[in-house]
Amino acid sequence: MPTSIVPKALCIFWFNFKGITVSGCLTQMFFLHAASVMHSAILVTMAFDRYIAICNPLRYATILTKARIAKLGLMGLARAVLFILPLPLLLSRQPFCANRIIPHMYCDHMAVVKMSCGNITVNRTYGLVIAFLVIVLDLTLIALSYILIIRTVLRMSSKKAHQKALNTCTAHIGVILVSYTPSLFSSLTHRFSQHIAPHVHIILANLYFLLAATLNPIIYGIKTKELHDKVGKYTCRM
């Protein structure tokens with residue numbers, strides 16, 4: 001997701017290159033939103049992976065084969081393309097007003113929709129349906145996985161087994177919170193909060209695309225023993 005927006009954003013900040021063609025804008029919109037939907041699919045797949053690892057550990061290698069993992073990845077990619085491709089196609093048919101200024105550092109779907117002088121009911125409705133379909137469906141599948149995980153953990157007699165099982169899920173839960181919270185707030189403020197200051201929209205939209213990518217290495221790495229040892233070593237030196 002950041003790869004779709006950071007190069008253009010740096011051109012704006014460093015070289016004051018603020019212009020972008022309509023086709024370039026729609027292309028950027030497709031890739032950043034498709035990457036967002038793909039990222040959500042990866043989080044669902046990781047929840048399924050945690051479920052198998054904790055609830056069926058002896059069958060883990062049998063169930064999650066390389067071929068099955070590849071199929072899950074292709075399904076996530078196909079879903080992202082099919083869901084997001086209509087967004088730029090619908091917008092390409094819209095007439096745009098003379099004042100073509102996007103109050104963002106990238107081409108967010110709703111920001112571009114608001115520049116249109118035509119009827120944007122279909123665009124707004126489709127964008128809203130896709131946003132809630134992806135978030136609600138994926139969060140439901142993730143929640144179902146964790147309900148089954150918690151049920152399995154509660155049946156374990158050993159406290160050490162409890163802790164070990166829950167520790168395998170903490171990084172994934174952290175990434176879910178960091179990923180979905182800004183996404184949900186950004187989507188809701190764009191569509192339903194007409195009186196919110198523009199800079200709030202911009203901050204939430206930027207957090208949505210940059211916060212998760214910034215914190216992911218920290219969240220995943222914080223429980224890595226090798227990283228702990230390196231951080232401890234350099235902290236002692238300082």
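Figure 1. Thr152 touches Ile54 and Cys55, residues up to four places away in sequence not being counted; contact means heavy atoms within 4.5 Å. The place of Thr152 is in helix α7, where helices (H or I, at least four residues) and strands (E, at least two) are DSSP runs numbered from the N terminus. The side chain of Thr152 reaches the backbone oxygen of Leu148 at 2.9 Å. Such a polar contact is a pair of N or O atoms within 3.5 Å; within protein, one must be able to donate a hydrogen and the other to accept it, and residues adjacent in sequence count only if both atoms are side-chain atoms. With a relative accessible area of 21%, Thr152 is partly exposed; buried means under 20% relative accessible area, exposed over 50%, and partly exposed in between (1.4 Å probe, protein chains only). The C-alpha atoms of Thr152 and Leu72, 80 residues apart along the chain, are separated by 24 Å. This is a predicted model, in which local features need pLDDT of at least 70 and side-chain atom pairs count only at pLDDT 80 or more, whereas totals for chains, interfaces and linings use all residues. Residues are numbered from 1 along each chain as its sequence is written, and side-chain values use heavy atoms, with hydrogens and water left out.

**Figure 2. The salt bridge between Asp138 and Arg79.** The side chains of Asp138 and Arg79 meet in a salt bridge with an N to O distance of 2.9 Å. The pair links distant parts of the chain, Asp138 being in helix α7 and Arg79 in helix α4, 59 residues apart. A salt bridge is a side-chain nitrogen of Lys or Arg within 4 Å of a carboxyl oxygen of Asp or Glu. Asp138 is buried because its relative accessible area is 2%; Arg79 also counts as buried, at 17% relative accessibility.

**Figure 3. The salt bridge between Asp49 and Arg50.** A search of the whole structure finds two salt bridges. One of them joins the side chains of Asp49 and Arg50, at 2.5 Å from N to O. Asp49 counts as buried at 16% relative accessibility, and Arg50 counts as buried at 19%. In general, side chains of opposite charge can pair when their charged atoms come close.

**Figure 4. The largest nonpolar core and the contacts of Val112.** Of the 19 residues in the largest nonpolar core, Met29, Ile84, Leu91 and Val112 touch the most other members. A nonpolar core is a set of buried Ala, Val, Leu, Ile, Met, Phe, Trp, Tyr and Cys residues joined through side-chain atoms within 4.5 Å. At least two residues of this core come from each of α2 (22–55), α4 (66–84), α5 (86–92), α6 (109–113) and α7 (121–155). Helix α2 gives the most to this core, with six residues. Apart from this core lies another, of 18 residues, among them Val44, Ala47, Ala165 and Ile219. Leaving aside neighbours within four places in sequence, Val112 is in contact with Cys25, Met29, Leu91, Phe96, Ile102 and Cys107.

**Figure 5. Ser36 in helix α2.** Ser36 lies in helix α2 and is buried, with a relative accessible area of 12%. When residues up to four places away in sequence are not counted, Ser36 touches Met1 and Tyr208.

Figure 6. Leu10, Phe13, Trp14, Phe15 and Phe17 form a nonpolar patch on the surface, with about 620 Å² of accessible area together. Patches are made of residues with over 30% relative accessible area and no salt bridge: like charges are joined within 9 Å, nonpolar side chains (Val, Leu, Ile, Met, Phe, Trp, Tyr) within 5 Å. Accessible areas come from the Shrake-Rupley method with a 1.4 Å probe; for residues, only the protein chains shown count as cover. Phe13 is found in helix α1 (residues 2–15) and counts as exposed, at 59% relative accessibility. Asn16 has its place in the loop between α1 and α2, and its phi is near 60°, a positive value in a residue other than glycine. With a relative accessible area of 51%, Asn16 is exposed.
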